[in-house]
Amino acid sequence: MKSLCALIFLCILDRSSLAAQPNVLHILADDMGWNALSCYGNKDVATPNLDRLAAEGMRFTTAYADAQCSPTRAAFLSGQYGARTGVFKVLNEKEPSRAPMQSPAANDALAPEVATLATTLRKAGYATGISGKWHIANNASVAPLRKRDGGGYFDTYGFDFAGPANGAEHHEDKTVTAITDDIIHFMEMNKDRPWFAFVSHFSPHTPLEAPEALIAKHVARGYQRAATNEGRSTERPIANYLAMLEHFDNQVGRLLEKLDELGLRERTVVVFTSDNGGLSRVTKNAPLREGKGAPYEGGIRVPLIVRWPGKVKAESTSDAPVHAVDFYPTYAALAGATPPAKHGLDGESLMPLLEQSGALQRTALHWHMPTYTTNFGRTPCAVIREGDWKLIHWFGDYLDTTGFTPDDKPYGKLVIGPRTELYNVREDISEAHDLAAERPQKAAHLTQALNAWLERTGARRPTQNPGFDEKRWWTTAEENKKAGGD
């Protein structure tokens, strides 16, 4: 009898322990710039659901991701910078073969032995689910990979549920509705236990796809319909893009309504952010400089909103610099989960900021971008932000984008030789004034700190390219073959 009572007590204790673990709803947009939402200053479109989320929680003004999709998603799931994991580029992106520098080889996936965020949360008793875009090991969405091996691929990375929403099948709205349906189903299945849901969207990335009624609505408001679904900088802001933002916001509203319906609002942490800055030819990122793909603020600064009733003060803001690598230690902390000791985390828990109980301990954030994305104006570089200061080091060449538009390729004039830029991003958010020459000691200090970090993480660096061709440097190997070259 005593043993039976003890067993019942342990079961009750275990259930109460699980109930104390908050759910995590992580909503990730694709290419949604820092100022895309009306609560971040967008006057062209209203985003009432995300604005409400911000009003009920904390809005971060200096949140960062990587400059492109794959590195951010890998950083989120691993809690490690791309310099450490080797996932530092969009893996299907072709690079110039005759450029001044040869980019280092990137890993084609997170290694299966990586203790991902989902793996760590699952071991802590969480149901784990994902739907939408994957783009860590390839250019596929979750659905085709799920069908290919019955879901085992995602089980390897720690996910119990991989939604069937297929990005290749829903062109009328960029799969936003289908992904939302998947996650709602996942929440319903797991309403009586703690869960982690990764809502991994394709929107508002090009091609521009949104419900026709919403596009027509913004055309009627006076905005131009896009001439091409890839967008043109001369058309900004484009009615199609505004429709995508509105539709995205509407679907976030459905997720929030479902939490209320299931009685899960009070015990669910809702986080919204983006994987990189806005695409310059589709949206204007001003006052930030440049956009997606670039190491400037327009490429890496993103919106971030966190709602956690009873824990995060409503209508609060934080200007502390944070990064996508911080979500892993944050979610582990709130779940009472312990990552494996051998899995070193580059991020830091945001709990002191969320609870307004203190500051973060680290002194700097880092980025490693050792590859070319010429249509975004970027050559191999690395970045450090320490306090209000940000240094960009170009390893061997640089694109002067003065006078060029986001539709040009290559996007800028090639300048040979390494280059270092220094900005005070608090005083100069537009990064208009390079202070490297005026503040040589600060530039030297940050250069030394950046190099130390690159060494510490084992970062792979670009090397000189013996096949450099100044006349056709931006062409890929495939383009060279078509032209009759090597």
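These points concern a predicted model and cover a helix pair, a salt bridge, cavities and backbone exceptions.

1. Helix packing. Helix 3, which spans residues 69-78, and helix 12, which spans residues 327-335, have axes that come within 6 Å of each other. The crossing angle is roughly 30°. Angles under 35 degrees count as roughly parallel, so helix 3 is roughly parallel to helix 12.

2. Residues at that contact. On the helix 3 side the contact is made by F76, L77 and S78. Helix 12 contributes F327, Y328 and Y331. Sorted by class, the contact between helix 3 and helix 12 has five nonpolar residues and one polar residue, with no charged residues.

3. Salt bridges. The whole structure contains 31 salt bridges. One of them pairs the side chains of R73 and D30, at 4.0 Å from N to O. R73 belongs to helix 3, while D30 sits in the loop between strand 1 (23-29) and helix 2 (48-55). The two residues are 43 residues apart, and the pair links distant parts of the chain. Helix 3 is thus involved both in the contact with helix 12 and, through R73, in this salt bridge.

4. Rolling a probe the size of a water molecule over the atoms shows where empty space is left. The count here is six cavities of 30 Å³ or more. The largest cavity holds about 70 Å³ of space.

5. Lining of the largest cavity. The lining consists of L279, S280, R281, E290, G291, K292, N375, F376, P406 and Y411. By class, that lining has four nonpolar, three polar and three charged residues. R281, E290 and K292 are the charged members.

6. Cis peptide bonds. Most peptide bonds are trans. The bond from T206 to P207 is cis, and its omega is near 0°. P207 lies in the loop between strand 6 (195-200) and helix 9 (212-220). Another cis peptide bond joins A286 and P287, with omega of about 15°. P287 is placed in the loop between strand 7 (268-274) and helix 11 (297-300).

7. Positive phi. Most residues other than glycine have a negative phi. E315 is not a glycine, yet its phi is positive, at about 60°. This residue, E315, is in the loop between strand 8 (301-307) and strand 9 (316-318).

How values were computed: Residues are numbered from 1 along each chain as its sequence is written. This is a predicted model: local features need pLDDT of at least 70, side-chain atom pairs count only at pLDDT 80 or more; totals for chains, interfaces and linings use all residues. Side-chain values use heavy atoms; hydrogens and water are left out. Axes are lines fitted to C-alpha atoms, for helices over the stretch in contact, and angles run from 0 to 180 degrees between N-to-C directions. Helices (H or I, at least four residues) and strands (E, at least two) are DSSP runs, numbered from the N terminus. Angles under 35 degrees count as roughly parallel, over 145 as roughly antiparallel, 65 to 115 as roughly perpendicular and the rest as oblique. Contact means heavy atoms within 4.5 Å. On a 1 Å grid over the protein atoms alone, a cavity is a set of points where a 1.4 Å probe fits but cannot get out, and a pocket is an open set with protein on both sides within 12 Å along at least five of seven lines; lining residues have an atom within 4 Å of a point. Grid points are joined across faces, edges and corners, and a volume is the space filled by probe spheres set on the points.
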